Structures are given as structure tokens and as C-alpha cells.
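Hi everyone, thanks for coming. Please take a look at the structure on the screen, and I'll walk you through a few places in it.

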Amino acid sequence: MTSLSSLIEKQFAGERLGAIREVAERAAGQGLRVYLVGGVVRDLLLGRQIVDIDIVVEGDALALARALAETKGWQITGHQRFGTAKLRRDGTTLDLATARLETYSKPGTLPDVRPGAIADDLRRRDFTINTMAIEVTPTHFGDIIDTHGGQADLRQKLVRILHPQSFIDDPTRIFRAIRYEQRLGFRLEAETEKLLRRDVSWLGQVSGDRLRHELELVLKEEAPETALRRAGDLGVLREVHPGLAGNGWLTERFESARRNGSASTGLYLALLAYPPQADVESLIARLRLRREVARVLRDTQALRRDLQGLAHPEMRPSAAYALLQRYSMIAVRACLLASDDCLVKERLTKYLDEWRYVKSLLTGDALGKLGVPKGEGVGQVLEELRRARLDGEVETVEQEMALVRKWLETH
Ligand code: CTP
């Protein structure tokens with residue numbers, strides 16, 4: 001058997017290696033075997049950066065985690081139902097899980113779970129490249145378990161499911177397959193691609209919460225547009241919502257968003273839902289989007305319809321300001337990226353960079369002293385001063401005072 005002990009020692013040198021050994025030694029003391037599994041093994045073999053360290057225990061992971069928390073100063077967050085625990089100490093985090101055997105009773109729902117052996121735990125997984133384990137039990141430290149051909153698929157750069165029922169068991173794997181393919185620069189293995197296309201309609205069985213989660217994971221990738229484009233080509237996006245498309249238009253906008261530093265999940269979603277045919281109300285309902293995100297999508301649509309107004313050359317800055325300040329900032333950014341009209345773009349940029357920060361020099365207190373009635377009166381005058389400043393009618397304090405006096409004469 002190949003030993004990867006030196007690879008682990010090199011990759012996790014320091015805190016993280018010490019932590020892995022600590023868990024493994026305690027487990028061995030209880031006669032349990034422990035393994036690094038899934039993404040961590042895949043990324044270790046690919047030489048990619050490792051963020052999460054997933055450890056599987058052939059035995060009660062939660063009890064093991066509790067024992068470590070009691071004696072070794074780990075903070076623990078546990079999930080009794082799933083037999084999992086997160087251990088944190090200083091900057092190090094480990095995710096512990098009990099090896100599990102899963103069976104699916106109904107497509108699109110969560111599986112039935114029982115404790116099992118490491119082989120069961122690997123067999124239940126999504127793709128061969130995620131089915132490898134490296135044992136870290138002291139007596140077997142570094143032994144790799146690769147019963148599904150994971151290393152071969154890593155070499156061939158293939159994303160391959162383990163059995164023909166895989167996407168039906170868990171249709172969210174459709175998104176996962178695309179994410180790995182695009183992130184790692186791999187290809188879907190031919191039969192896997194055929195089955196994915198066959199099973200794409202099973203996404204209809206997935207709850208809004210799970211679907212939203214998958215889409216958010218796509219949008220958190222380094223270049224989400226490549227995965228969206230692929231999802232579009234494979235017929236996946238239209239299963240989520242008939243109006244969604246991953247095309248060249250979207251790619252250009254996502255790239256610009258990253259270049260100008262405005263990229264965020266909300267912004268990406270607003271751009272994805274920008275085309276008029278992407279009826280946002282049904283998208284919001286299907287994905288059960290949170291209130292703030294829903295607002296961004298609604299604002300983006302409403303502002304898209306208002307953009308014609310912004311294209312009028314005579315429109316004053318104060319009128320543009322009054323129109324734009326009703327909308328969330330992300331919606332304004334999305335429309336800036338989406339619009340092709342120079343004047344519209346110029347005004348949206350002005351709003352984002354300058355107009356929204358414009359304030360009068362005179363404060364509310366100062367207006368009170370000048371005799372403006374407190375409350376509504378002060379509010380009105382502050383607005384009027386901002387308007388005049390936006391339109392270039394006042395610059396100095398004296399000019400503002402003159403405007404206030406004029407207001408007092410007429411009110
Ligand atoms: N997994 C699975 N089916 C799913 C979700 C997860 O088989 N629907 C398995 C995979 O083996 C995966 C592991 O659980 O490697 C952990 O899941 P996750 O943290 O989502 O994936 P990672 O591989 O760690 O990938 P990422 O780099 O995206 O975090």
C-alpha cells in the first residue's frame with residue numbers, strides 16, 4: 001500500500017498536523033480508526049490549498065470530540081443527529097464525523113443514515129475523486145484507501161459518479177459535478193454526462209432551500225460564470241427556472257464585476273436574474289430567497305425599467321439622485337454593469353461615487369438656529385440644500401444661508 005505520510009506531514013506542517021495526530025492518538029486509545037476523507041484527500045493529491053479538514057471516525061465521533069474538548073482545550077460544536085462535531089482551537093478547525101452508511105428512500109430528500117465502516121462511508125459519496133481516504137491512525141498513518149478509482153480519475157481529470165442512480169438519489173450532485181469540473185479544469189466522464197442530462201429534471205424534486213444553497217455555492221466559486229455557462233449548456237439552469245441563461249453576456253458582466261471590485265453573491269444573482277424573461281417573483285419563490293436578496297432582485301428589475309429615464313440628457317443630477325436613492329446599492333451596481341448606454345453608466349457611476357455622499361454644509365442644528373422649525377421643516381430644508389448642491393446651485397455656506405432665508409420667506 002502506498003503511504004502518503006510525508007505528503008501529509010509536509011502539507012499540514014505545524015498546528016494542523018499536531019491537531020490531526022492528537023485526534024488520531026486519542027481515537028486509537030479507544031480502539032478506533034480515523035481517516036482524512038473526501039475533499040481534503042482530493043486537494044492534497046492535487047496539491048491544492050486545503051481549507052476544510054474532514055476526518056471520519058469508525059465509531060462515535062461526537063463522543064471522541066467531547067473527550068478531546070474536556071482534556072485538550074478544544075471548543076466543540078456537535079450535531080447529535082448526524083454524529084458530527086466541529087473542533088476549534090486557536091486558528092485550527094477540524095470536522096469530525098462518524099463513518100456512515102446511507103440509503104435513499106426518496107429522490108431529492110435527505111438520506112437515512114446509520115453508523116458504518118469507512119468502506120460504507122466512501123461508497124455513499126458523490127464522485128470517485130471524492131471517495132478516497134487516508135488513514136491517520138498512528139499504526140497506519142498515511143495509508144491510502146482508493147477503492148473506486150479516485151486516483152486514476154484525478155490523473156485523467158474526470159468527474160465520475162459511482163453508480164447510475166447517483167443523480168437520482170441526490171440531484172444536488174448535478175450542481176456539484178459542474179462545480180468540480182469547472183473549478184478543477186476537469187471533464188464529466190462520458191457516461192456521467194449522459195446520466196446527468198437524463199436526470200436533470202429530478203432537480204424539480206429538490207427543495208428551494210437546498211437548491212438555493214447549491215446555487216450560492218456556484219456563485220462562491222472563483223469564476224462562477226464558467227459553471228453557469230456549463231449548467232446552461234447541460235440544461236440545468238432552465239430546470240431551476242426557465243428564464244435563467246448562462247451566456248456570454250453574463251460572463252462579461254461577472255468578469256467586470258470582479259475587475260471593479262463589486263462582485264458578491266447578491267450582485268451575481270441580480271445579474272443572473274437581470275434579463276426580463278427571468279420573472280423574479282417566481283425565482284424568489286422557487287429558491288425561497290431571503291428578504292434582503294429578494295429586495296435586490298426586485299430593485300434591479302424596477303431600476304432596469306427606470307433606466308430609460310436616466311438616459312435623458314436634460315435630467316438634472318438631483319432628479320437622478322431622487323430616482324436612484326430608492327434602490328439598494330447592489331441593484332444600482334448590477335444595472336451599471338448591465339447597461340450599455342454611456343450616459344446611463346456615467347450617471348450611475350456618479351451616483352455611486354459622488355452623489356450619494358453629497359450633504360449640505362449647514363447642519364440641522366444650524367438650521368434650527370436660523371429659525372427653521374424643528375422636525376419636518378429641517379428635513380425639508382436639508383433636502384432642498386442637497387438638491388441645490390447636487391445641481392450646482394450652491395457651493396459656499398453663504399449661498400446655503402441665502403437659500404434658507406428664501407425658504408423661510410415662502411414658508
Ligand atoms: N458529499 C457527497 N454528496 C453530497 C455532498 C457531499 O458525496 N451531496 C461528500 C463528498 O465526498 C465530499 C464530502 O462529502 O467530498 C464533503 O462535502 P463538501 O464539504 O461539500 O465538499 P468538498 O469535497 O470538501 O468540496 P469543497 O472543496 O467544495 O468544499
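This is a predicted model: local features need pLDDT of at least 70, side-chain atom pairs count only at pLDDT 80 or more; totals for chains, interfaces and linings use all residues.

To find Ser-201 on your screen, look in the loop between helix H9, residues 190-199, and helix H10. Now, how far is Ser-201 from Tyr-268? Along the sequence the two are 67 residues apart, and in space their C-alpha atoms are separated by 24 Å.

Next, please move to Asn-247. This residue sits in another loop, the one between helix H12, residues 237-240, and helix H13, residues 248-259. Its relative accessible area is 33%, so Asn-247 is also partly exposed. From Asn-247 to Leu-272 you count 25 residues in sequence, and the distance from C-alpha to C-alpha is 9.7 Å.

For contrast, go to helix H22, residues 397-410, where you will find Trp-407. Is Trp-407 buried or exposed? With a relative accessible area of 12%, Trp-407 is buried, because buried means under 20%. Trp-407 and Tyr-274 are 133 residues apart in sequence, and 43 Å lie between their C-alpha atoms.

Now a word on backbone angles. Lys-157 has a phi near 55°, which is a positive value in a residue other than glycine. Arg-288 is another non-glycine residue with a positive phi, near 45°. Arg-288 belongs to the loop between helix H15, residues 280-287, and helix H16, residues 291-310.

While we are at helix H11, which of its residues are buried? This helix covers residues 224-233, and the buried ones are Pro-224, Glu-225, Ala-227, Leu-228, Arg-230 and Ala-231.

Let's look at the ligand now. There are 13 residues around the ligand, and those that come nearest are Arg-42, Asp-126, Asp-170, Arg-176 and Arg-183. What kinds of residues make up this shell? By class, 8 are charged, 4 are polar and 1 is nonpolar. Two helices each supply at least two residues of the shell: H3, residues 39-46, and H8, residues 172-184. Helix H8 gives the most, with 6 residues.

For Arg-183, an N or O atom of the side chain is 2.7 Å from an oxygen atom of the ligand. In the case of Arg-42, that kind of pair is 2.9 Å apart, again with a ligand oxygen. The side chain of Arg-179 also has an N or O atom 3.3 Å from an oxygen of the ligand. As for the surface of the ligand, taken alone it exposes 560 Å², and the protein buries 73% of that.

My last stop is inside the protein. How many cavities of 30 Å³ or more are there? The count comes to 1, and the largest cavity has a volume of about 30 Å³. Which residues line the largest cavity? They are Arg-212, Leu-215, Glu-216, Leu-219, Leu-269, Leu-287 and Leu-289. Sorted by class, this lining has 5 nonpolar and 2 charged residues, with no polar ones. Helix H10, residues 208-219, gives the most to the lining, with 4 residues.

Key. Residues are numbered from 1 along each chain as its sequence is written. Side-chain values use heavy atoms; hydrogens and water are left out. A residue is near a molecule or strand if one of its heavy atoms lies within 4 Å of it. A polar contact is a pair of N or O atoms within 3.5 Å; within protein, one must be able to donate a hydrogen and the other to accept it, and residues adjacent in sequence count only if both atoms are side-chain atoms. Accessible areas come from the Shrake-Rupley method with a 1.4 Å probe; for residues, only the protein chains shown count as cover. Ala, Val, Leu, Ile, Met, Phe, Trp, Tyr, Cys and Pro count as nonpolar, Asp, Glu, Lys and Arg as charged, and the others, Gly among them, as polar. On a 1 Å grid over the protein atoms alone, a cavity is a set of points where a 1.4 Å probe fits but cannot get out, and a pocket is an open set with protein on both sides within 12 Å along at least five of seven lines; lining residues have an atom within 4 Å of a point. Grid points are joined across faces, edges and corners, and a volume is the space filled by probe spheres set on the points. Buried means under 20% relative accessible area, exposed over 50%, partly exposed in between (1.4 Å probe, protein chains only).
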